[in-house]
Amino acid sequence: MTIPTYSKITGLGFYVPENVVTNNDLTQYMETSDAWIQERTGIKQRRYFTHGKDTNASLATAASRMALDRAGVTASSVDLIVYATLSPDYYFPGSAFLLQRELGLEGVPVIDIREQCSGFVYALSIADQFIKTGMAKTALVVGSEIQSGLMDKSTRGRNVAVIFGDGAGAAVVQATTDPEHRILSTHLHADGRFAEELYLKEPTSIRTHKDNFDPEGSNVVMNGNTVFKHAVVRFMEVINESLTANGYTADDISLLVPHQANVRISDYVRQQLKLPEDRVYNNIQRYGNTTAASIPIALSEAFEEGRVKSGDLICLAAFGSGFTWASALIKW
Ligand code: UT7
């Protein structure tokens, strides 16, 4: 009889740049206020990278080393890297190559994925499938972003710029035969009809030799209201999908770790699921929205705080640009 292989998260890590940018700091560049930002988003501060010191891959490397340490495995055990980011160091090749180089893992396959705010859950799902089919045994799954340089920090771009921050999170995902402690399922969705509701146009390959780089297209553009309305619906759908698929109800969730998009979105979802405050993790206050990095940073911090324990039912859920939405249900 063949024993089925599952996957489980055995180590978590994160790294955020040292440079703390408060809401008040942002008032130097744009007309905004600490009160507006906190009331509309919950954010108090975020981290920005330091030019010449931090790169997307350097943040990812620091987060990965912490995750590997905590998993008790050396980098040489890693046989797959799945790396999610919307803000790679180069247009190509992807930052997974740079992380692989830093870790000395020449020859190991790397997969760069986008999928923006759902990127980490997509990456986790890919690692889970590779492990379940025997293609990998120890995967490093990373979400890393340096987004602060992609924002229009004048008043014109304030609805976007105040939200986003920089940082990285990582998880070591390993094969297991233990059905009680594993990733139960992952659920991925996308709807390209809404691509331009939250997007970054440049650098684009679809220009003729006469066109120049369009500086207008080099800042993130977001229709915040539309994104918000879709987010609250899709978060609920994809969380319920994961619960139904495994025979659970919301009441069984030990901790929901949502993508940190806006504390009002998290609160809405929490209320709909009738979960008490201590069963939904939020750290957007400290880091803002770090896109693909937000879930692994939040999960790492929750783990450090003792809020993720053996036997817990952990739900990860995300929604973002694309649109994409995704969830993972984990029996820790
Ligand atoms: O992670 C991927 C998914 N992203 C999201 O889920 C983001 C979803 N969207 C949101 O979180 C919200 O839409 C925002 C936080 C981005 C904006 O909040 P909002 O309540 O939707 O505000 P709004 O865009 O409707 O703007 C309301 C007012 C406007 O002024 P008027 O027209 O009413 O005079 C804006 O100009 O607030 C103004 N405003 C600001 N004021 C001060 C917009 N941004 C700012 C700002 N500071 N930073």
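**View 1. Polar contacts between the ligand and the protein.** A polar side-chain atom of Asn262 lies 2.7 Å from an oxygen atom of the ligand, a pair that falls under the heading of polar contact, meaning two N or O atoms within 3.5 Å. A nitrogen atom of the ligand lies 2.6 Å from a polar side-chain atom of Thr32, and an N or O atom in the side chain of Trp36 is 3.3 Å from an oxygen atom of the ligand. Taken alone, the ligand exposes 940 Å², of which the protein buries 74%; such areas come from the Shrake-Rupley method with a 1.4 Å probe. The model is predicted, so that local features need pLDDT of at least 70 and side-chain atom pairs count only at pLDDT 80 or more, while totals for chains, interfaces and linings use all residues. Side-chain values use heavy atoms, with hydrogens and water left out, and residues are numbered from 1 along each chain as its sequence is written.

**View 2. The shell of residues around the ligand.** Of the 24 residues around the ligand, those that come nearest are Thr32, Arg40, His259, Asn262 and Asn289, where a residue is near a molecule if one of its heavy atoms lies within 4 Å of it. The shell divides into 11 nonpolar, nine polar and four charged residues, with Asp, Glu, Lys and Arg counted as charged and Gly among the polar ones. At least two shell residues come from each of several elements, including helix H2 (34–41), helix H8 (263–273) and strand S12 (313–320), but H7 gives the most, with four residues. Helices (H or I, at least four residues) and strands (E, at least two) are DSSP runs, numbered from the N terminus.

**View 3. Two cis peptide bonds in loops.** The peptide bond that joins Phe92 and Pro93 is cis, with omega about -5 degrees, and Pro93 lies in the loop between strand S4 (80–84) and helix H4 (95–102). The bond from Gly322 to Phe323 is also cis, with omega near -10 degrees, and Phe323 belongs to the loop between S12 and strand S13 (324–331).

**View 4. A positive phi at Glu115.** Glu115, a residue other than glycine, has a positive phi near 65 degrees, and is found in the loop between strand S5 (110–113) and helix H5 (119–132).

Methods:
Polar contact = N/O pair within 3.5 Å; in protein donor to acceptor, adjacent residues only side chain to side chain.
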